[in-house]
Amino acid sequence: MPTAAQFLSQAFSGFAFGSLLALVSSGLTIIFGTLGFVNFAHGAMFMLGAYAAFVVLAHTHSFILALLAGAAVLLVVAVVLERGLIRFFYARPPEDQLLVTFGLSVMLVEGMRFFFGSDSQRVSPPAWGDGIVNFFGLFYYPLYRVEVIGIAAVFLLALYVLLYHTSLGLTVRAGIEDRLMVGLLGIDVRRMFLIVFAVGAIAAGVAGVIYAPMTAVIPDMGTPFLVEAFVVVVIGGLGSFGGAIVGGLVVGELLSLTTVFAPSYSQASIYAVMTLVLVMRPRGLFGAPGRV
Amino acid sequence: MSASVLSQRGGRWLPEIIVLLLLIALPFGFAAAFSSVDLLSRILLWGLFGIGFDLLFGYSGLLSFGQSAFYGTGGFITAYLLTSHVLSNVWLAIVAGVVAASLFSLVVGFLALRRVGLYFAMITLAFAQLSYFVENSPLAQWTGGENGLPGVTFPVIHLGPVYFAFSSSWRIYELIATLFFFGYVLARFIVCSPVGAVLSGIRQNANRTAALGHSVPGYKLSAFVLAAAYAGLAGALLGIFQNYMPPDAFSLDTSAQLVLQSVIGGVGTLLGPAIGAAVWLFLRSELQQIPGIGALWMFILGAIFVLLVTLLRKGLYGALIGLWRPAAERRSPQRAPPLQVARPRPAAPPIPRSAGSAAAAALEARAVSKGYGGIRAVTEVSLAVPAGEIYAVIGPNGAGKSTFLRLLSGEETPDAGRILLSGHDITGHGVTAVNRAGIAKSYQINQLFTDLTARQNLRIAALGRARGTLRLDVFRRADGIAAVEQSIAGLIDELGLADSADLPVATLAYGEKRRIELGLALATQPSVLLLDEPLAGLAPGERQEIIRLIRRLAEGRTIVLVEHDMDAVFALAARIMVMHEGGPLAEGTPAEIRRNPQVRRAYLGGVAAHVDA
């Protein structure tokens with residue numbers, strides 16, 4: 001039987017991981033909600049953010065700079081990909097969109113492997129995140145992981161403000177409801193698509209920067225995150241911002257808490273829950289009826 | 001399509017013969033070039049895996065990112081049975097692996113096929129991950145976890161004095177090549193069968209396929225299980241081939257590699273996946289040895305993949321066939337004249353089914369209502385159409401006419417009210433069952449299978465009538481059912497499509513497509529025909545043609561017509577219902593409707609401006 005301290009510590013890990021997962025998934029879900037397609041390269045974009053952190057932190061030790069660099073890299077990548085290729089796929093079947101972003105994902109991963117090799121790179125946490133904290137005398141916890149929750153929350157809040165309290169957000173949400181109508185109202189849908197794609201990509205990149213000090217940075221690191229983000233959006237409801245956050249936290253806690261009780265079923269548990277949601281409520285917890 | 005071109009030119013069995021000859025000749029080339037046939041065996045393993053995937057994605061349009069689940073299941077069940085000595089007969093172990101993979105796919109398919117497109121791809125992917133993690137840890141004591149299962153034995157044939165062991169590279173090649181060949185032949189049968197025709201219908205327009213009386217969920221699940229059986233067989237052979245079953249058979253990379261290879265080689269071709277596998281394995285082994293760019297082999301593959309997805313859907317196979325096919329054949333055949341007067345057919349019109357009791361109306365709706373959220377689209381609309389009558393529903397745009405027709409056709413279920421066909425309640429039976437019962441609809445916006453010819457379009461429709469909702473008659477040819485071919489020929493004649501029957505629908509003129517649209521509904525031999533604006537978008541000459549056709553069709557059939565062309569409506573209909581804001585405004589003979597002051601105020605008064613809209 002696990003002790004209360006063990007349990008709390010795992011619950012905390014789940015929260016930290018889940019908040020990052022929520023950030024990645026919200027990027028995925030915003031892109032889907034507006035553009036109508038699932039970005040299979042989302043995991044690779046997350047990975048690009050982690051490498052940006054690795055490069056910047058190796059030279060400057062400034063975490064803020066790393067965040068900015070991660071966002072900037074993803075902005076450039078997103079604009080190039082959207083303008084150069086992805087926009088030609090809006091009118092094509094969903095299978096084609098999936099395939100082309102999957103192909104791009106392979107190219108991004110292999111491109112990074114070419115430059116950085118397959119070896120794992122270590123990124124140290126920023127100076128203000130170095131150390132451990134004692135939680136009520138119950139357990140010790142790495143300081144950075146506590147701060148991760150705060151950083152992810154700040155970015156999720158920023159996304160929320162952008163989506164729900166700006167005129168851009170209003171058109172984006174209107175576009176989720178009725179893409180054609182927004183276009184008919186004279187709003188430049190193409191520009192909106194580009195911005196949304198970039199915002200979604202930046203969310204993945206920023207999550208990658210934040211995650212980098214907690215893990216080994218390798219070219220393939222995005223794949224498990226992508227698959228887990230799929231699980232999150234299926235549970236939360238594809239296209240729902242709130243669903244991505246709740247789903248992210250649920251999946252984070254599931255992964256973390258199951259390791260206390262049944263470690264060998266930890267990974268399998270999230271897929272079991274996903275199956276359950278699909279059977280009981282196919283559109284996900286917060287998904288709008290009639291979509292997809 | 002390419003395969004059918006081949007078979008037309010060189011006889012039915014040409015593709016099979018070519019593949020057989022290649023399977024015999026190629027290993028000598030590989031043995032000489034790579035000093036082993038193992039590379040070719042590996043290509044064929046992926047090719048076999050890929051044939052199943054191609055049936056699923058290339059032919060049925062279902063993109064699964066989780067085929068590794070079945071590859072791994074087949075492989076590990078076979079490997080476990082052999083290494084644990086539960087079974088000593090390798091053949092039985094292979095069969096057990098295939099059966100296990102198929103059963104697993106039945107469960108996954110049941111859940112995943114409830115959704116389409118993106119959701120389907122993500123759900124299959126998640127199930128593959130689930131199997132990977134279950135294999136890796138909870139089942140590790142049986143599967144070896146991350147170590148896999150070493151020591152998978154090879155099969156032998158032991159019949160009396162005959163003893164033949166598939167133990168060396170060459171023997172294993174012969175085994176894999178034989179199974180690949182049979183797998184290919186079976187897939188060719190399926191593709192050319194009525195099942196293949198229905199699957200291609202599902203790929204191009206699943207809703208229309210369902211409306212033509214085919215069980216779309218049933219066919220999709222069949223394709224899914226079939227693909228899993230191929231995957232299971234390939235997985236079982238992988239363990240035997242390598243003498244070891246690796247856990248990464250279950251990994252996402254396996255599914256991803258399958259998708260990459262198949263698209264690079266060309267989907268919808270059956271052989272494309274094997275070609276893609278050859279490219280993949282060749283690049284990996286050869287490119288890697290070139291210093292400088294060796295590490296980029298996967299990047300280059302990714303780039304080729306993106307390029308092919310963007311530009312060339314039939315992949316490398318399609319490009320090869322394109323080169324090989326003489327230029328003359330590629331030239332599109334002569335365009336048919338856009339309109340042609342159909343010859344009146346001397347033969348009797350198709351006999352309607354289920355005459356029903358004399359008292360019951362052919363089609364009856366009792367106070368049906370339908371709402372979407374807060375909006376009431378149809379409110380308590382009733383009608384009763386006697387057999388053989390043309391009944392028209394008119395009204396301004398947004399009056400609920402099309403929704404009402406969708407309720408009659410079973411595409412949507414009314415919130416309240418009943419629908420009866422010859423006195424039998426068909427409410428809520430769904431579009432497929434309603435079509436089987438004898439109601440067919442032609443759509444306001446053409447719902448055709450645009451990659452296929454007019455004849456193939458009509459065949460998909462007629463096959464439902466001839467074979468029932470779900471039938472896996474894979475050893476019959478789609479064009480080999482005499483009754484079906486006869487009724488299609490009659491329809492082509494009646495619709496005036498004789499000159500364009502064998503051209504792809506996408507290349508035809510709008511008027512011809514409109515007639516095929518009508519033909520699809522007719523080919524299911526309905527007793528009740530629902531026509532949703534059959535004249536929409538047609539030129540005046542073509543309108544007269546269709547009006548004459550509708551009048552002819554009404555002999556022995558009941559027709560419900562929604563149309564904005566008032567001249568046509570008043571000329572054709574025996575009775576007319578006017579709908580307004582979801583409800584019935586008036587009903588009566590054309591003369592009564594014309595006189596009705598309410599109707600004049602709400603609708604007909606302003607109709608002059610809309611007649612040609």
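Is Q525(B) buried or exposed, and how many C-beta neighbours does Q525(B) have inside 10 Å? Q525(B) counts as buried, because 21 C-beta neighbours lie inside 10 Å; the cut-off for buried is 20 or more other C-beta atoms within 10 Å, for exposed 12 or fewer, with partly exposed in between and C-beta atoms placed from the backbone.

Before I go on: this is a predicted model, in which local features need pLDDT of at least 70, side-chain atom pairs count only at pLDDT 80 or more, and totals for chains, interfaces and linings use all residues. Residues are numbered from 1 along each chain as its sequence is written, and chains are lettered from A and ligands numbered from 1 in the order in which they are written.

Q525(B) sits in the loop between α21 (510-523) and β11 (528-532) of chain B; helices (H or I, at least four residues) and strands (E, at least two) are DSSP runs, numbered from the N terminus. Its phi is near 50°, positive in a residue other than glycine. Most residues other than glycine have a negative phi.

H85(B) also has a positive phi, near 60°. H85(B) is in the loop between α4 and α5 of chain B, and counts as exposed because it has 8 C-beta neighbours inside 10 Å.

Now the chain contact. Chain A gives 32 residues and chain B gives 31, a contact being C-beta atoms, placed from the backbone, within 7 Å. On the side of chain A that touches chain B, α4 (94-116), α9 (222-236) and α11 (266-280) of chain A each give two or more residues. The largest share, 14 residues, comes from α4(A).

Methods:
Two residues are in contact if their C-beta atoms, placed from the backbone, lie within 7 Å.
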